[in-house]
Amino acid sequence: MLLAWLNYTDTQGLIPQAVVSCALHEGGHWLAIQAVGGKVKRMRLGIAGAEMELGRPLSYSREALCALAGPGVSLALAWLGHFLPGGALFAGINLVLALFNLLPVSGLDGGRVLHCALCALAGPEAAERTAGFLDGFLVGVLVAGGVILAWKGGSITLLFTAGWLFSSIWREKEGKRGCQIGVKRVK
């Protein structure tokens, strides 16, 4: 219902282009999983991305590669959109989607890559400690930036984004991380 309302009020064509961009981003993850020999048992789509349940866990390096595939597709689409007539909006959507997803925060592709790298280099316990510190620090910076931006009369989007990231991190801490448990969460 919300998507229908947003599409109705969208005068620039942002919503359809964002939906296509997000679908292609998630398709990049799916293709990478297939390419490394993984099998997606189930996929659940939500407003914040996709959650793919794998038949068996991937190695840290393969999971990191699959996490990077979505932002890689988004960066490629941003580059291609630059050359399309009227493609600036599409290019911008994909660039923002890629850069946002590369933030090293749990629940995002960059956080997944960092977690897998730390697990491989220092072990799962050190990875959890480091990710917890970085999550708190980066979400704190985003909250502070959002408050300052809103206080100066700007958009409150950054504040909402920081709140969404905080709730996403909280939910992930309640359960298990995706690395090595057979679930690939992409938000």
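**View 1. K41 and E53 pair through their side chains.** In this predicted model, the side chains of K41 and E53 form a salt bridge, with N and O 3.4 Å apart. K41 belongs to strand β1 (residues 40–46) and E53 to strand β2, so the pair ties together parts that lie 12 residues apart in sequence. K41 counts as exposed, because its relative accessibility is 57%. E53 counts as partly exposed, because its relative accessibility is 22%.

**View 2. R42 also pairs with E53.** The closest N and O atoms of R42 and E53 are 2.4 Å apart, and the two residues form a salt bridge. This pair, too, links distant parts of the chain: R42 sits in strand β1, E53 in strand β2, and 11 residues separate them. R42 is exposed, with a relative accessible area of 52%. Side chains of opposite charge can pair when their charged atoms come close.

**View 3. R112 and E63 join two helices.** The R112–E63 salt bridge brings its closest N and O atoms to 3.3 Å. R112 is in helix α5 and E63 in helix α3, so this bridge ties together parts that are 49 residues apart in sequence. Are these two residues buried or exposed? Both R112 and E63 are buried. Elsewhere, salt bridges that share partners join K41, R42 and E53 into one network. The count of salt bridges comes to four.

View 4. Helix α5 covers residues 109–122. Its 14 residues, at 1.5 Å a residue, should span 20 Å, and the C-alpha atoms at its ends are 20 Å apart, which agrees. Buried residues of α5 include D109, G110, G111, R112 and V113. H115, C116, L118 and C119 of this helix are buried as well. An α-helix has 3.6 residues a turn, so residues three or four places apart point the same way. After α5 comes G123, with a positive phi near 100 degrees.

**View 5. C116 of helix α5 lies across from S59.** C116 is in helix α5. C116 counts as buried because its relative accessibility is 1%. The C-alpha atoms of C116 and S59 are 8.7 Å apart, although 57 residues separate the two in sequence.

**View 6. Eight residues make up the largest nonpolar core.** Its members are A32, I33, V36, M52, L54, L58, C66 and A69. Which elements give two or more residues to this core? They are α2 (14–35), β2 (49–54) and α3. A second, separate core has seven residues, among them V105, L108, V139 and I169.

View 7. L99 is found in α4.

View 8. T161 lies in helix α7, which covers residues 157–174.

**View 9. The whole chain, for orientation.** The chain has seven helices and three strands. Along the sequence they follow the pattern α-α-β-β-α-α-α-α-α-β. Of the 187 residues, 37% count as buried. The chain exposes about 10,600 Å², and carbon and sulfur atoms supply 71% of that area. Among contacts with a separation of 6 or more, residues 24 or more positions apart account for 62%.

Definitions and conventions:
Residues numbered from 1 in each chain as written. Predicted model: local features only at pLDDT ≥ 70, side-chain atom pairs only at ≥ 80, totals over all residues. Heavy atoms only, no water. Helix = DSSP H or I, 4+ residues; strand = E, 2+ residues; numbered from the N terminus. Buried < 20%, exposed > 50% of the residue type's maximum accessible area, 1.4 Å probe, protein only. Contact = heavy atoms within 4.5 Å. Areas by Shrake-Rupley, 256 points an atom, 1.4 Å probe, with all protein chains shown as cover. Expected span 1.5 Å × (residues − 1). Core = buried A, V, L, I, M, F, W, Y, C linked by side-chain atoms within 4.5 Å.
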